[in-house]
Amino acid sequence: MTAAQRRVTLGRVAGVFGIKGWVKIVSNTRPADNLLKYPQWWLGAEDGYLATLVDAKAQVNGIIAQVTGRDGQPIADRDIAARLVGRDIAVDRSELPPAPAGSYYWADLLGCVVTSKEDEALGTVTAMMENGVQDVLVLTDGEGEAAKERLIPFVQGPIIVSVDIDAKRIVADWSPDY
């Protein structure tokens with residue numbers, strides 16, 4: 001799978017809604033209903049399939065949706081919809097619009113090698129998270145029991161000096177001792 005073909009997780013199926021095959025969705029997009037801009041979703045990882053969004057509604061507490069099953073027909077049964085609970089919702093990376101200048105999709109930061117301004121290795125981005133104030137890079141340095149995890153706020157300017165997505169490299173004003 002090339003970089004342009006890889007899938008980006010944008011949410012997950014969190015539960016069922018009603019008795020007519022609808023599901024509750026947790027969206028990772030900002031705003032949450034941006035997920036509805038994508039008419040087809042990959043549901044699940046290894047055993048996933050391409051589902052079509054039949055209908056959806058943004059509600060105060062999230063999103064509810066009806067999707068097609070593996071047979072291409074709308075799921076209209078609660079028990080069948082329940083089999084989707086816990087599945088990730090992903091789209092092909094190529095479907096996402098270009099990020100605005102100076103902004104990055106979390107998926108594009110994964111796998112980047114992070115170094116200090118002095119070119120000291122800090123680790124590789126293995127995950128991203130939010131702490132309520134800013135996004136945070138989760139770095140792993142080393143392997144196995146010797147692996148160290150490091151968290152670095154993704155604050156461009158004072159902490160993140162440069163990001164080169166093509167080279168998969170991030171430079172941070174950060175010391176390995178932090």
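1. Val 114 has Ile 170, in strand 12, as its bridge partner. Strand 7 (residues 113-116) and strand 12 (residues 169-172) pair in the parallel sense over four bridges; two strands pair if DSSP finds at least two bridges between them. Strands (E, at least two residues) and helices (H or I, at least four) are DSSP runs, numbered from the N terminus.

2. This is a predicted model, in which local features need pLDDT of at least 70 and side-chain atom pairs count only at pLDDT 80 or more, while totals for chains, interfaces and linings use all residues. Residues are numbered from 1 along each chain as its sequence is written, and side-chain values use heavy atoms, with hydrogens and water left out.

3. Six strands form an open sheet of mixed pairing, in the order 10-9-8-7-12-11. Strand 10 and strand 11 stand at the edges with a single partner strand each, so one side of each is left without a neighbour in the sheet.

4. The largest nonpolar core has 23 residues, and those with the most contacts inside it are Ile 25, Trp 41, Leu 43, Val 67 and Leu 84. Such a core is a set of buried Ala, Val, Leu, Ile, Met, Phe, Trp, Tyr and Cys residues joined through side-chain atoms within 4.5 Å. Strands 1 (7-17), 2 (22-27), 3 (40-43), 4 (49-59), 5 (62-67) and 6 (88-92) each supply at least two residues of this core; strand 1 gives the most, with four residues. Apart from this core lies another, of 16 residues, among them Val 114, Met 128, Ile 160 and Trp 174.

5. Leaving aside neighbours within four places in sequence, Ile 25 is in contact (heavy atoms within 4.5 Å) with residues including Arg 12, Val 13, Leu 35, Trp 41 and Ile 89.

6. The structure holds two aromatic pairs. Rings of Phe, Tyr and Trp (its six-membered ring) pair if their centres lie within 6.5 Å; planes under 30 degrees apart count as stacked, over 60 as edge-to-face and the rest as tilted. Tyr 104 and Phe 154 form an edge-to-face pair, 6.2 Å centre to centre with 85° between the planes. This pair links distant parts of the chain, 50 residues apart. Trp 174 and Tyr 178 also form an edge-to-face pair, at 5.1 Å and 85°.

7. With buried meaning under 20% relative accessible area, exposed over 50% and partly exposed in between (1.4 Å probe, protein chains only), Phe 154 is buried at 13% and Tyr 104 is partly exposed at 27%. Trp 174 is buried at 17%, whereas Tyr 178 is exposed at 62%.
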